[in-house]
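Hello,

Here is the structure I promised to pass on to you. Please have a look at it first, and then read my notes below.

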Amino acid sequence: MKNQLLCSSTDESTTDENDEEYWPRSVAANNNCWWRSWGAKFDVKMMKVDPRMRVVRELERLALVATHGHHEGLNELRHKLHMYRSGDFWMPIGGITKENMDIPPLATILLVGFSASGKTSLVNLMYSVLGRSGLVPFAQTSPPETGSYSSNHSSKSRASMVLKEHNVLRSLRSGFCVFDSRGFEYDQTGEGVEEQVSNWMNDGVRHNQVCLRPGDDAALMEHEEYSASKCVRRRVNCAMVVANMAEIYKALQAGDSKPMEATRQLFCSVNAFTNCNDDERPILILTHGDMLSTEERIEGRLKICESVGVSETSGVYDIVCLTEYGFLAEESDPVSAYAVTEAVYRALLISDRTHSPKKSLEDWALLVLSWIMCFLGSLFALLAQICLKLGRRSKDIY
């Protein structure tokens with residue numbers, strides 16, 4: 001396997017002296033460094049001015065850490081995730097102690113995206129990389145239908161219509177969990193998406209929680225709704241927006257901007273319920289990039305990042321979840337393995353920065369008082385309506 005990750009000596013001999021200064025020998029141009037031969041055509045001086053080369057530089061960083069030594073970078077980060085407990089990355093700000101912070105027992109990461117974007121495959125890759133599950137697919141979903149992206153996915157299984165909680169570390173002491181959500185449709189954007197995202201971000205999520213959409217059979221999901229009521233409701237601490245880069249880019253090339261616009265609306269909907277800091281925005285995961293050429297892949301990344309308003313090198317990851325043979329891309333693609341691990345690590349950093357202080361007695365007293373005032377206001381409004389109707393009736397009688 002290691003030999004498959006190394007490039008041939010003939011490939012190294014084709015680079016000039018300037019290229020050798022940039023392309024480190026410790027990261028031999030393996031089959032997964034798909035950008036290497038394309039990026040070598042550019043002058044090293046363009047690294048800071050050309051956005052495409054900034055993307056290449058970020059990919060080189062991931063490759064360098066992923067393949068250093070015997071995957072030391074991946075193993076070190078994986079060890080940190082196994083040792084992580086909710087609140088470990090919290091930093092004291094504003095003179096508030098950790099004991100006064102409302103830190104949940106588990107940090108919750110929510111995956112959102114459109115149908116066939118690769119959310120479930122991403123969860124399985126997390127299991128494979130972090131939980132050492134090998135090729136066992138813990139997350140299940142129904143196969144996508146053939147045809148255009150706008151086709152009706154009415155034959156989806158029940159598993160894809162509910163939220164699923166995953167312990168991707170497969171550990172009883174795991175400090176975080178990942179929720180896989182039902183995919184949206186490109187033609188169902190707008191208020192429907194905002195309402196669903198608002199419910200998840202404000203009210204929390206539960207295992208087996210039903211995600212009903214217009215046209216769904218509500219009676220079909222009664223059993224799942226009953227089982228979800230027994231599960232713990234978890235507050236979402238960080239969200240990952242998963243986007244099918246190949247589908248979006250090919251649609252743009254065909255003159256169809258609907259997938260791109262829908263992805264932008266979804267990202268903005270999720271971002272509206274997070275803090276305004278750039279470092280605390282949702283994490284963007286781009287999938288299916290291996291279905292594009294190198295130039296298309298980098299250009300697609302730039303266009304999507306520009307559309308959603310994020311940097312092309314920070315908080316965005318190009319991850320191949322499945323190989324061309326349908327296997328999880330862990331051993332065969334160490335760059336994707338490290339990228340998904342770093343994405344989870346980054347999500348936990350964001351999660352621990354978004355915790356709120358615990359409510360004091362004064363806060364609870366003000367909350368109860370506001371409820372009482374709202375109740376009294378509603379009661380007086382009802383009495384006013386009743387008196388108005390009685391007054392009109394008595395006036396009609398006389």
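**The annotated segment**

UniProt, in an unreviewed entry, places the feature "transmembrane region" at residues 364–388. Please bear in mind that this is a predicted model.

**The protein as a whole**

The protein has 13 helices and 8 strands. Of its 398 residues, 45% are buried. If you take the contacts between residues at least 6 apart in sequence, 73% of them join residues at least 24 apart.

**The cores and helix H12**

The largest nonpolar core has 51 residues, and Phe176 and Met240 are the ones with the most contacts inside it. Helix H12 (residues 334–353) supplies the largest share of this core, 11 residues. Apart from this core lies another one of 36 residues, which includes Phe184, Tyr186, Val236 and Leu266.

What does Met240 touch, leaving aside its neighbours within four places in sequence? Its contacts are Ile109, Leu110, Leu111, Val112, Met126, Ile283, Ile285, Ala343, Val344 and Ala347.

Helix H12 is worth a look too. Of its 20 residues, 17 are buried, so H12 is largely enclosed by the rest of the structure. Its length also works out: at 1.5 Å a residue, the 20 residues of H12 should span 28 Å, and the end C-alpha atoms are 29 Å apart, which agrees.

**Aromatic rings**

The count of aromatic pairs comes to 7. One of them is formed by Phe114 and Phe184, which are edge-to-face, with 6.4 Å from centre to centre and 65° between the planes. Phe114 lies in the loop between E2 and H6, while Phe184 lies in the loop between strand E4 (176–180) and helix H7 (191–203), so the pair ties together parts that are 70 residues apart in sequence. Both partners fall under the 20% cut-off for buried residues: Phe114 has a relative accessibility of 3%, and Phe184 has 2%.

There is also an aromatic cluster made up of Tyr84, Phe89, Phe176 and Tyr345. Phe176 is the residue already mentioned for its contacts in the largest core. Elsewhere, the charged end of Arg297 sits over the ring of Trp34, 3.9 Å from the ring centre.

**Two residues to look up**

Ser117 is in the loop between strand E2 (107–113) and helix H6 (119–130). Is Ser117 buried or exposed? With 1% relative accessibility, Ser117 counts as buried.

Leu252 belongs to helix H9 (residues 245–253). At 27% relative accessibility, Leu252 counts as partly exposed. Leaving out residues up to four places away in sequence, Leu252 touches Ser257, Met260 and Lys303. Leu252 and Lys303 are 51 residues apart along the chain, and their C-alpha atoms are separated by 9.8 Å.

Best wishes

Definitions and conventions. Residues numbered from 1 in each chain as written. Predicted model: local features only at pLDDT ≥ 70, side-chain atom pairs only at ≥ 80, totals over all residues. Heavy atoms only, no water. Core = buried A, V, L, I, M, F, W, Y, C linked by side-chain atoms within 4.5 Å. Buried < 20%, exposed > 50% of the residue type's maximum accessible area, 1.4 Å probe, protein only. Helix = DSSP H or I, 4+ residues; strand = E, 2+ residues; numbered from the N terminus. Contact = heavy atoms within 4.5 Å. Expected span 1.5 Å × (residues − 1). Phe/Tyr/Trp six-rings, centres within 6.5 Å; stacked < 30°, edge-to-face > 60°. Lys NZ or Arg CZ within 6 Å of the ring centre and 35° of its normal. UniProt positions renumbered as here; feature names shortened; annotations may be inferred.
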